[in-house]
Amino acid sequence: CKKEFQKLNKNPNTLEVANDPSLVGNIEVNSFFNSAYNAWTLGNGMSQYATFSQSYYNTLARYIPASNQPYWQVLYTDARDANQVITDSKANGNTAMQAVGLILRSYSFAQLTDLWGDIPFKNALQGQNGNFAASYDGQQTVYTDPALGVLPSLRAADSLLKSSVTAITGDLIYAGDITKWRKFCNALRLRYLLRASSKLSSAAAEMQKIVSDGTIFQSASESAELTLPSSVPYAFPSITERSGDYSIKYLNTLLYNFFVNTGDQQRLTLLFAKNVTNQNATGFNFSYYGGMPIVSDANTAQVNSASGFNSSIFLSSPSSPVLKARVITYQEVEFILAEASLKGLITTGSAATYYVNGITGAYADYGIDAVSTAAYLSNPSVVYNPANALNQIITQKWVGNFDVGFEGWIEYRRTGIPAFDAASANLNGGKISTRFLYPPDEQTINAVNYKAELQVQGGTESTSYKAWWEK
Amino acid sequence: QQTQTITGKVIDAADRTAVIGANVRIKGINKGAVTDASGIFKLNASPEATLVISYIGYLTKEVPVAMIHGPVLLTPDAKTLNTVVVTALGISKQSKALGYSVQTLTANQIASVPDPNLVNDLQGKVAGVQITNGSAGVGSTSRIVIRGENSFSGTNQPLFVVDGVPISNDTYFNDAVNNSSNQGTWAEVDWGNGASELNPNDVEKMTVLKGPAAAALYGARASNGAIVITTKKGRSKDGLVGVTFNSQTTVETVMRFPELQNQYGAGNGSVDYKYVNGGGSTENNIPNFGRAFDPNYLVVQFDSPQGPYMAADLNAVKTLPAGTLPTPTPWVAHTDNLNKFFGVGVTTQNNISFATGDDRNNYRFSVGNLYNHGNVGNIDLMRNMFSFRAENKYTDKLSSSIYVNYINSSSDNRPNIGYGSENVMYTFHGVYGMPLNVNIESLKKLWAAGQTDQTQFRYWNNHDNPYLTVNDNTNSFKKNRIIGNAQLNYQFTPELSAFVRTGIDTYTDDRQGERVFGTVRFPNGGFRTDNVTYVENNTDFLLNYKPKNTGEFHVNVAGGGNRFKQSINYVRNIANSLIAPDLYNFSNALTLLPPEYIRQERATYSLYGFGDIDYKGLVYLNVTGRNDWSSTLPTNRNSYFYPSASLSAIVSDIFKMPEPVSFFKIRLSGAQVGHDADPYSINNTFTTITPFNSTPLTTITNTLANSNLKPSTTDSYEGGFEIRFLKDRIGLDATYYISNTKDEIVQVPVPISSGYSAAFVNGGKIRDKGIELVLNAAPLRSENGLNWTMTFNFSHDVSTVTGLPDGLSSYKYADVTQYDRYYRSIQYNAVVGERFGNIYGRYFKRAPDGQIIYQNGLPVTSDETDRKVLGNYNPDFILGWYNNFSYKNFNFGMTWDWRQGGSYYSYTELGLLQGGMSPLTLPGRTDGIVGQGVMLNANGTYSPNTVKVTAANYYLNGIYNPNNNEEFIYSATYLKLREVKLGYTFKHILGKQSPASLNASLVGRNLLLFTQNKDVDPENLALRGNKILPGIEFLSYPSTRSFGFNVNFSF
């Protein structure tokens, strides 16, 4: 019966050997879809683009200390699968696939550390060796560890791709285009270098090197984004959302005020609908729209005056460019360079040019035509103003990162721009939280290491603890 | 001497039913007869002769022929009730020879008031057996646990065995589609446990083997005990056919509806309710914290009329004249919506059986039918059962038996359960529940005008119209199942015998789910099919040697083997959106998920042996040994042996006992059972997941396999005694047991930072201790007068977690959430040193003196990572009280069920309380409310809370905030009147000469319930994922009481 047993116990339902292209495809789908999904269901609230009007659903968006465990799980499984790709492609000499693995793993770890702070890192992902309890590493290590760190890994990936003659397979983002992968890789490098630039003395030089090399996004069409299908489980979340969940999402006052102050009619009307009071009004007027402050439960006046999302895009146009799943875009890179230029981190190009490119890219992301873009760029409050440039750059980047994960919130934590509302209906002691709590699983089944990390944070876990770049 | 033909009937003195198979002998002459299926015997005897009538379980009776006029009444004998019990492998043994505890139920006890689920017929009747009902009425799964839980990972369910061959009591649930609360998420459906389909009318007796000692010979699957069912055999004489017909019709009415306040309608406390824009923007107005009801106050509601339209039509009907506005309607309460929605269910069960036979052959054929129409919508359940049994003796040496049972079950609709809009109880009690100003009658309109199959007529777009759900969002199934076995016996010599036997349990279950257009989760409809094919085969052989003339010692040794093979195929097809409404076919699919095909196979080979030895019938010793080879373990570790031994002594036969003691036996046993792993636990794999467009995607499987797994073991010991007094009128059977499970193969959760979410390891340890007491008494006993027999079944069991895999301080073996709101989940955590079954949840922060801490007028809830024990779902004890009275032709029986202790979490209460539907939310409605508790001062001291908040804020966001779990825990203590039967037997209904009799009874089940919570039934299960969980009332359908009549006719 030994033979029979072996036959019986061979799993007929799943593969027993790795298939790297399908692993890569899955990491990509996970990374990109979850960027959109988390933004839509939570990040847009925490980044103050949107207000969720019901206390039954909105406590997380009101910064209540919370773990966001599901996203933590996605990021670690992505990093794990990327490790498999890296190991396999190292073994079979596919340097391009190895680079893709490094880039995708770096993105996952960067998300983890930017959202949770210190994380299990160097000893993480060792379960197959019987090590289930990974110790925590500081955020600086996650960014800079020579072997595994986000920045060294991305640097290594870029140089692997630069000289690679092998092919990328299974890629849903760039169809295996190695140059575009380099641009994606460098976009991420610029994002994390800028984020760490106040702590990392080598950041400026590395940024300058990337810019000098020039393999960076040249237009919105090169952005790292994924066009989602129209049906579950990968449709843009609003398309398949329960109507009751959809209908509690409103334009936040902060974003509404931005639209009004910069005369941004295009993005306002594309993303949002007229409020109930003016739903039958014809033509355009900023007063037909409205923002909702952060609330526990909105009252009728607030509900009637605030704009909901534009249903003709968010419910019925699954192919709209607005509904792409984005990880990092051309416009963000241009704004990063604008800030870097302004701060003297790089010397190539001018902040004003990068700034204009950023806005142009943000408009292009949504498919807004060139005439409207030009009109917007000529608005006096949009025109580059050296006296207010940093504020303009970061605020425009904030708007441009609508629906990109938690980027709006992360960058607010770094820059304080734009001025978030921390007073209204805040559930984090009147402060914008700076991180998520570690998931309950960490607390209970990685208890020893979790407790050690608590000592680093001063004994108790808080959502106001600042890790490294944020300090 | 002259003989004459004597005909008579033997009936049970207690319940007046026929005693089938009783032995009727003429005293002094070795000649006699056996009663047939109607209890009738016929023989030739002299008028002076005396008949000796005997049957297992009854006192033997001698009646002179001259005295036989009416039926002969046999009195049940407490002493001999369990004289012969059927133990492992279908082997009968004398009760007094057993060194472990078993309990046997006779046909009358099982099917006195047959429940559509056979498992429920055991309720209250066996000590140590805990049964919990499913949440969706007839057809739901009932969970049965014997002697508590000894496994984190298993189901803790006993093995069901029919005529010596195991069958499946599992349910293969539909594979879930997890899309959070979004589209395409199909609700859970409870398809019922496998053993529920057995026909109680076919059961002659059921023996409950409680511990592993009793079940050591069935292997690991019986480590939680075994329910050994013996089916009825044909018994008749001279080829006559005995016919028994049984028919029962009951109606089911809802046991209890939640109590609702009737003073306030929808609103969020600060703004008056008004129906706007299809309900899209008015979620604020769903909780019942609005304006007080006032018929003079007029407001636009969803069913406010305007000409041929109502308000909820307006946004859908594009052609309405501009400016058309609905007419406001009076603001009045509708607190009897549930009462209007739920009607009366009807269950009919009919059975007819034919039995015939002679000395060498006997046959029985039975046809049963069950029809249930649920108390709502088109929910129903049909079952047709055909069984045939034959026993043939070909020569003195060769005999055979065959049993075939074909069960055809189907339903047009099984209810959606679980959390979310698919479940109608979510509409009534989920989120905030159905506003009390909603008139459910209006919802019968189903569709907005001109929008059939497109836009529902409803008051809010997170709730589906409940009438639409129960009528159109159906889950149907067709299941064909065959249970059968064939056995060949050969008696080589008087000492040596052998049998071979093979048995099968196989079914195909074809399920279909249909979803109409315009529902919350299926805006474009949906269709799915789930096909399960299950095959289980058990083949046994056994060689038995029983030497004669061994003097004062009697010996029996046997050895045999078993091959168990199980294979399950599951195919799932899903279309989460359709092209056109009302066509449920994949050709009509707009989007189609890739089919899912899961295969699972396992096999176990076993060799076993046992030896029994006794000294003069006074002291008995039994030993067993079994070796298993399992396909699911690594090849170098897949063989494992486990033994058992038991000892019993009939003290009352060894020593002289004081007068009142008529019987005294002590027993002691110890046993071990080994368990294997789930299939495919030893090799790592990559899981294929839903392709993106058409690109295949894979991921490393989140559960880490383990190629070093070894079998786990349960060691158990039990000791007990059986004592009877006053000529057996009172009997007590007491058992104490302890069992230790170690090296349990568990999927331990590991932090995902390790790359895996779970890993197979050996490591769990559970200790289970308990006592069982069975008290039999016959307070009244008289030949033709009043008879009263009763049984108390008491059990107390505590399982304690004594160990966890290395590095774990707590192991979450299950949880229940609303969608994926992990941060407010109820968790079942195993913690070393704690009782198994602890319910963990978030709680209110409290000052050192225990008072709740308030902040801004609202209680402060612990963080999501900070959970504590809120209760334990296991009872402190269970007491069943089974009674039978008879007087002349009347009989009356009743069973009470008392469960003491334990807790459960109620999602229904959460909805009622948070949604302001409960009268408990009335205080403070007009003036606001200051919560009872304290505030933390800046200097670290506490002072009484003085902050007044609105009632809406206090209840919605404060005391009944669902992020806090402790407010929704209730005591699970209850007392239930489980079964009542009042009957009368009409004798000789086909004339004086005919023995035909008819028993007509009024029957009732679950008639009375006494418990802490007046709104819901504490006896409920949640179905989450593919797991049945106790301790959670998860938006259950209201439980029902049933009553009706039963007719039993035999001739």
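I'll start with one pair of residues. A:Glu4 makes a salt bridge with B:Arg563, and their closest N and O atoms are 3.7 Å apart. That pair falls within the cut-off of 4 Å used for a salt bridge. Keep in mind that this is a predicted model.

How many salt bridges are there between chain B and chain A? The count is one. Polar contacts are another matter: 24 residue pairs are in polar contact across the interface of chain B and chain A, both residues at pLDDT 80 or more.

Which elements of chain B give two or more residues to the side that touches chain A? They are β31 (553–578), β33 (596–615), β34 (619–630), β37 (686–692), β38 (695–700) and β44 (810–816). Of these, β33(B) gives the most, with seven residues. By class, this side of chain B has 36 nonpolar, 40 polar and twelve charged residues.

Now the extent of that interface. The contact takes 88 residues from chain B and 85 residues from chain A. Between them, the two chains bury about 7,100 Å², with 54% of it on carbon and sulfur atoms. Three residues, B:Phe686, B:Phe692 and B:Ser753, supply 10% of the area that chain B buries against chain A, more than any other three residues.

Next, chain B on its own. Chain B is divided into three parts: domain 1 covers 4–74, domain 2 covers 159–254 + 345–422 + 473–837 + 873–906 + 974–1050, and domain 3 covers 843–872 + 922–959. I'll look at domain 2 and domain 3 of chain B, whose C-alpha centres lie 45 Å apart. Their contact takes 13 residues from domain 2 of chain B and five residues from domain 3 of chain B.

Domain 2 of chain B and domain 3 of chain B bury about 680 Å² between them, 39% of it on carbon and sulfur atoms. On the side of domain 2 of chain B that touches domain 3 of chain B, there are four nonpolar, six polar and three charged residues.

Now some strands in chain B. Strand β18 (residues 242–254) and strand β23 (residues 345–357) of chain B run antiparallel and are joined by eleven bridges. One of the positions to look at is B:Thr250, whose bridge partner in β23(B) is B:Thr347.

What else does β23(B) join? Twelve bridges link β23(B) to strand β24 (residues 361–373) of chain B, again antiparallel. Here B:Thr348 stands opposite B:Tyr371 in β24(B).

The last item is an open sheet of three strands in chain B, in the order β57-β52-β62, with mixed pairing. Which strands are at the edges? They are β57 (969–971) and β62 (1032–1033) of chain B, and each pairs on one side only. Strand β52 (residues 903–906) of chain B runs parallel to β62(B), and two bridges join them. In that pairing, B:Tyr905 has B:Ile1032 of β62(B) as its bridge partner.

Note on methods: Residues numbered from 1 in each chain as written. Chains lettered and ligands numbered in written order. Predicted model: local features only at pLDDT ≥ 70, side-chain atom pairs only at ≥ 80, totals over all residues. Heavy atoms only, no water. Domains from an automatic or database assignment. Contact = heavy atoms within 4.5 Å. Buried area = accessible area lost by both parts, 1.4 Å probe. Nonpolar A, V, L, I, M, F, W, Y, C, P; charged D, E, K, R; others polar. Salt bridge = Lys/Arg side-chain N within 4 Å of Asp/Glu carboxyl O. Polar contact = N/O pair within 3.5 Å; in protein donor to acceptor, adjacent residues only side chain to side chain. Helix = DSSP H or I, 4+ residues; strand = E, 2+ residues; numbered from the N terminus. Pairing = 2+ DSSP bridges.
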